[in-house]
Amino acid sequence: MEFALSEDQRMLQDSLKGVLNETASLDRIRKIAVGDAGEAAILDGALTEFGLAALMVPEAAGGLGLGALDACLVQEALGYNVAPSRFLATAVAAKALAGKADLLIASGEAKFALALTEVSSRRDGAGVELKGGKLSGKSLLAQSVDGATHILVADTAGAWHSVSAMDAGVTVMQTIDRTRTFHEVTLDGAEPLASVTPAAEVLALARLLVAADTLGAAQAMIDKAVAYAKERQQFGRVIGSFQAVKHMCAEMAAKLEPARALIWHAAHALDIADEEGPMMANLAKAHLAEVGTFVARTATEVHGGMGFTDLVGLHYWYKRIGVNRQLLGSPEQARQAAAELQGLVV
Amino acid sequence: MKLTLDPQYEAFRAEVSQTLAKNAHLAPTADDKGYKNPKRLAWQKFLIENGLAARTIPKEYGGYGAEPDILKARIIAEEFARSGLPGPMAGQGISMFVPTLLELGTEAQKQAYIRPTIHGEMIWCQGYSEPGAGSDLAALRTSAVEDGDHYIINGSKIWTSTAKQADMIFCLVRTDPNAKKHEGITYITFPMSTPGIEVRPLVDMTGTANFNEVFFTDVRVPKSGVIFAPNKGWQVANATLTHERGMLGDPNATKARLLELIALMKTETVNGERLIDNPMLRDRLMKLQAEVYAMQANGLRITTSRLQGQPAGLAGLVVKLQGCDLNHEIARLAIDALGELGILYEEGEHLRSGGTWQWRYMYDLGLIIGGGTAQIQKNIIAERGLDMPREPKLAKA
Ligand SMILES: Cc1cc2nc3c(=O)[nH]c(=O)nc-3n(C[C@H](O)[C@H](O)[C@H](O)COP(=O)(O)OP(=O)(O)OC[C@H]3O[C@@H](n4cnc5c(N)ncnc54)[C@H](O)[C@@H]3O)c2cc1C
């Protein structure tokens, strides 16, 4: 038995971290967060060059043929740097539309957005219907719409479709997390370019990637809290020498380390098509939502008033974790799915 | 045990409720923004004249001049909560500085400051924290050096709420650098317009500048601004902090938010189901309701202790810690209940309650930290409430 990342996976992780350290500095993220398109393009260019688009496409179709675990490592690194990226949308589209849009995705010709919110939750009359072969309706909080050529949209009957972004009306929905953009997508008789009925593995992968993003963001918050606790002095000593502060940091680490292993395990299970894969991925989505919430608050508390200010920028991580918690299904919904997937709900 | 009020108090309640109902049209609305908004000033004046604000402040200082009566104060707070009308002005001047002044100020200081402060015409900020002195407030270094009947102040403060709008500051400065750290501090007041003061707004995680950095360069202020006595500032500051912590954990405010959350969960739907009909969300709501009721009942115990002139003990010490945590948890449930729509923050078709819940989810975390962090509150509960030994001190720096 060997439960560890492969040499290749560690290399993938390290080289992506290197790229992100150079191109996704907090300084640049701050600019992107206020809508600086030039700065966003620099980061996007670096990630495209790194080859993120083709990562999940089979080698036969011109991709790298990597799997869910590799994708999780990528998403974790993006979360660590609160970097905006189309990667999650691309990976999910590649999985959902396997064999149907592979070449276009691998070449970068098709840039996908995800309009899947209503798979879990329909609010404010949202929902896209397929009638007479045409799609109409709206989807809220679609991801990665800026610059997309295609949108992967779920209909109310459970099928997913690829549509041209040109056939969609889009309106910005500004969330608390300004590192990423979200849109309301409106379709009015759009023609599906491809249609699939996704297996449980696809939504599971999407949720798992959101969890991996939270893992990275939470790890970054812990690292920052620990560094701050070793530096900041009060009462003539570093605050990290107070048990109260040490225990806050230790508790965060104690919760996050096993959560990392859970993600690896769930991803590996998806990769080897183990029947427990989708169930574990859903558990991971829910669990990281809870652990992330705890870390976001606790790491902020370790920073005292400094954590509440914009000065250290900690709030970008706090908000990213807060948004991830709700994306593509609440913790309760993911746990319900996990129960159903193992036959506990009859 | 007796939870009903005597007839005289029931009559008082009816009177308060009528006064509020009859004059609701005078109340400012959310559109009447800004500290010295005329509508808000007029409402405050009306409230004071009718004994609904500054009730126990003596008439000679501009207050209503009633005898202190804790039950009447409670009734007023409850009736405001019930009516949904904006209550009396609060803030650091009214809630923290005025009580301190009444306790420890000179006659001239009371005459000068109380009337305009309670009427909202004089805004105050609290200059305590410094970059190197947060939890360890007594480590503050802003210096005040004597110069005839003045002090010359140099140094800086951080996280000073409302410094940008404030007319005046109550400030802790070091007047005796050679004394032990708690003994060389002076509590002093002076105008924010004094030459040499620079205020730089600090943006916080909510995206707005709720607080500031304040820099003092050779700021010359009269000694008459000292409250109580030079080098006795630590005692004065502790008096104010007690008022602050009471304000931060107010169970009536928490109860009002819980009611908002219940209303939200009764009207919002997801997948065609009302949120309140979702057993998991409802269970979380009920857990929080139990805590809110507990904090309200805890408040009754504190009130009773005060009526009997007894210290409130643990019941009092836990209010800031529990109350602030509860506010944060209520905001968290509201966001979870709204799901994907709960993450919206800017104006738009799908935004709920103007983004208030997200704002609170951040600002309430700020209040878990501000006014003495949760960890410091726990130290206080353990050391003062449970009589546990202090952590051993390292050798003095
Ligand atoms: C929203 C908000 C409004 C504020 N408004 C004002 C204002 O108007 N005026 C003003 O003067 N100040 C204000 N403050 C400042 C506030 O009082 C301080 O932030 C607070 O006292 C904590 O100090 P610090 O930020 O320096 O954190 P630090 O003291 O550096 O604390 C960092 C961490 O170390 C922990 N820690 C420190 N000492 C100990 C110990 N002995 N044992 C265990 N743990 C410890 C803390 O709990 C915290 O987790 C405000 C702060 C906030 C967040």
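Modeller: A residue is called buried when its relative accessible area is under 20%, and exposed when that area is over 50%. The model is a predicted one. With a relative accessible area of 0%, B:Cys125 is therefore buried. B:Cys324 has a relative accessibility of 3%, so B:Cys324 counts as buried too. A disulfide is a covalent bond between the sulfur atoms of two cysteines. Searching the whole structure, over all chains, turns up zero disulfides. B:Cys125 takes part in none, and the nearest cysteine sulfur belongs to B:Cys171, 8.0 Å away.

The largest cavity has a volume of about 110 Å³. Its lining includes A:Tyr318, A:Arg325 and A:Gln326 from chain A, and B:Arg332, B:Asp336 and B:Tyr361 from chain B. At least two lining residues come from each of four helices: α10 (277–302) and α12 (315–326) of chain A, and α10 (319–338) and α11 (356–369) of chain B. Among these, α12(A) supplies the largest share, five residues. Sorted by class, the lining of the largest cavity holds five nonpolar, four polar and three charged residues.

The second largest cavity has a volume of about 70 Å³. Residues of chain B line this cavity, among them B:Leu338, B:Leu341, B:Leu344, B:Arg352 and B:Trp357. B:Ile335 and B:Gln358 are part of this lining, and B:Ile335 and B:Gln358 also line the largest cavity. Both α10 and α11 of chain B give at least two residues to the second largest cavity, with the largest share, three residues, coming from α11(B). By class, this lining divides into six nonpolar, four polar and one charged.

Last, an open space: the second largest pocket, with a volume of about 740 Å³. It is lined by 34 residues, and those closest to its centre are A:Pro84, A:Asp146, A:Thr179, A:Arg180 and A:Thr181. Two or more lining residues come from each of α2 (26–33), α3 (37–50), α4 (68–80), α5 (87–96) and β7 (182–190) of chain A. Of the elements, α3(A) gives the most, with six residues. Domain 1 (7–88) and domain 2 (112–196) of chain A each provide at least three residues of the lining. The lining of this pocket has 17 nonpolar, ten polar and seven charged residues.

Conventions. Residues numbered from 1 in each chain as written. Chains lettered and ligands numbered in written order. Predicted model: local features only at pLDDT ≥ 70, side-chain atom pairs only at ≥ 80, totals over all residues. Heavy atoms only, no water. 1 Å grid on protein atoms, 1.4 Å probe; cavity = no way out; pocket = protein on both sides within 12 Å on 5 of 7 lines; lining within 4 Å. Points joined across faces, edges and corners; volume = space filled by probe spheres on them. Nonpolar A, V, L, I, M, F, W, Y, C, P; charged D, E, K, R; others polar. Domains from an automatic or database assignment. Disulfide = S-S within 2.5 Å. Buried < 20%, exposed > 50% of the residue type's maximum accessible area, 1.4 Å probe, protein only.
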